[in-house]
Amino acid sequence: MDKLKMHSTDLSQENIGKIRDLFPGCVTEARDEATGQLRLTVDFDQLRQELSGQIVEGPQERYRLDWPGKRAALALSNAPVAMALRPSEQESVAFESTRNLLVEGDNLEALKLLQETYLGAIKLIYIDPPYNTGNDFVYEDDFAEDAASFLVKSNQAGGAGARLVANPDSSGRFHSDWLDMIYPRVRIARKLLADDGVIVASIDENEISNLRKVFDEVFGKDNLLFQVTLLCNPKGRSQDKYVANCHEYLVGYSKRPMPKGSVNVPKDGDEIAANYKLKDKRGRYRELELRNTHREFGKHNRRNLYYPFYVSDSGEVCLDPGQGRQPVYPDWDDGFEGCWTWGVDKARAQLDEVVAREVKGAWKIFRKNYAEGEDGEATKQVKSIWTDKIFHTEKGQAVFNNLFETREKIFQSPKSVDTVRELLRMGTRKDSVVLDFFAGSGTTGHAVIAQNAEDGGNRKFILVQIAEPTPVGSEALKAGFPTVAEITKERIRRAGKKVLEGECHADWGRDVGFRVLKIDTSNMKDVYYRPDEVGQQDLLHAVDNIKPDRTAEDLLFQVLVDWGVDLTLPITRNSVKGKTVFFVDGNALVACFETGITEDLVKDLAGREPLRVVFRDNGFVSDAVKINVEQVFRQLSPGTDVKSI
Ligand SMILES: C[S@@+](CC[C@H](N)C(=O)[O-])C[C@H]1O[C@@H](n2cnc3c(N)ncnc32)[C@H](O)[C@@H]1O
């Protein structure tokens, strides 16, 4: 029976696999000195020959982002972790039925754990990382020498939040430390993003240039979608040295080039009614002049856009002359020879959208501008400067304080819910999954719930927030919140209730719940990852490779992560032949982590033909039953993937 690996993917090995697909001769296997296991390695001499002459090496100058520590940060993003997501049913809301997740822990570890399950599945990633103002805490990652030792180290890490360190601007590594933190996270985030997904980061003047460079490298500079300037604090920061800053940025990138209009937002109903007063069988429209209204363009420099339409007495428009038809050129009233905005081919193809109107005794040509696009959606472009009050940080604080019924700042400067809702309108469909891995007070979760309630969507959110301790003497601690993660959870609980009290769209599934999953060391003892190193004296101890404090639910979630199964699927717990068995989404995965498993039970489960089944390696009543498991499934349910832990 194959064993589940129970650690996140080793991305270096995955990358080498991709090189092998392109250049099979350049990849070979070599024994890893640390673990003794065979690993893929690249034959660089061979690869150099394949790429002949197109390589930059050594100190040669090139255009790129660099800082001391970049290489280690890159290795860190690729290294696997032996960590687990332990469910906390008490802290969750609607644990059984919700499709939302709240992961408590470091976001680098979270991203690594989520990457298999949500590979290419996230439509919008919104992040609001520490801006590196000189007063921020930045998570100091634990760099390790190589992937294997990283794996083992990760299984020994101490309490979450312990490694959040101050990053004062007096530090010689001020920007490097911030880059060390953001770079590996953004690299993995790209893997989670859907091909048509969008990632947006809030950032201010402190790190905008570095953030842009990191995103340019990870997503490609041609995939910059927008850099919005957001007026967040109209009063300005008086403590600023030269100019009082009152804005910040929203920087958006995609993974692949996106068609024009990809981040348009829906027009609202009132706007359509006010501006699109005409209607035909295709929908509401307004009439816009077909003539180019810019005088710098005309027959003199756009000869191909200067041609006549022919208009009959009754106002019918065509492109061919005929009896009783008058030619109409794009000429201005003062005689200037202008030009149309459409070429003649487009005009011929879309002639039914061209209309003639008599204005002051002369024919003028107009085109129908429909409220809805070809896809039936009425959308409009977003502008690059956002000044509306609804986007101000003050508004974000007011909404938060209102929820917590306080005037004190339990959480400092949460984003405005409306800012995130605008991003949801720009970057999601109604069924999209949205990820925020610097969740803070949980504004993104609140925004998803509120947006769904309004437009009847069923977007799902995944929030990640570390258990950052709230400072001694802070309003948060006084209000009973020892960590930021506690505030996140309470915010979503309160926001969900509040939204349900208001007007809700009939199509909305009313999911205001969330499953809390806490990052912890693996459920498996070290021996699981280094079986070769187990000495004779350890053997007895190693019979059970699962840590004693871990529950069956803990094991189930580590298995879901390992197998890349959706972590929000419904889970039921049944008793089969006297043993507890988990059924995930019916038959998507069946798990039994009990001991004393009999052949009867194995046959019963095989008879249900699950897609995947997993047992505890030492859970069988005898070696004979264990040996027989695969045989039983081959006979009764050959399609089932059978594994053990
Ligand atoms: C600027 S705040 C986000 C505020 C949020 N947008 C809101 O509206 O409430 C950044 C958050 O990221 C969290 N954070 C920082 N480093 C983290 C890490 N390594 N893993 C998870 N969360 C982290 C901090 O605790 C902080 O709450």
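Salt bridges number 51 in this predicted model. A salt bridge here is a side-chain nitrogen of Lys or Arg within 4 Å of a carboxyl oxygen of Asp or Glu. Side chains of opposite charge can pair when their charged atoms come close.

**How the values were made**
- Residues are numbered from 1 along each chain as its sequence is written, and side-chain values use heavy atoms, with hydrogens and water left out.
- Local features need pLDDT of at least 70, side-chain atom pairs count only at pLDDT 80 or more, and totals for chains, interfaces and linings use all residues.

**Asp 554 and Arg 86**
- These two side chains form a salt bridge, at 3.0 Å from N to O.
- Asp 554 sits in helix α16 (residues 552-563) and Arg 86 in strand β4 (residues 83-93), so the pair ties together parts 468 residues apart in sequence.
- Helices (H or I, at least four residues) and strands (E, at least two) are DSSP runs, numbered from the N terminus.
- Asp 554 and Arg 86 are both buried.
- Buried means under 20% relative accessible area, exposed over 50%, and partly exposed in between (1.4 Å probe, protein chains only).
- A network of salt bridges links Arg 86, Asp 520, Asp 549, Arg 550 and Asp 554.

**Glu 287 and Arg 357**
- The closest N and O atoms of this salt bridge are 2.6 Å apart.
- Glu 287 belongs to strand β14 (residues 283-289) and Arg 357 to strand β18 (residues 354-359), so the pair ties together parts 70 residues apart in sequence.
- Arg 357 is partly exposed, at 37% relative accessible area.

**Glu 454 and Arg 421**
- In this salt bridge, 2.8 Å separates the closest N and O atoms.
- Glu 454 is exposed, at 52% relative accessibility, whereas Arg 421 is buried, at 12%.
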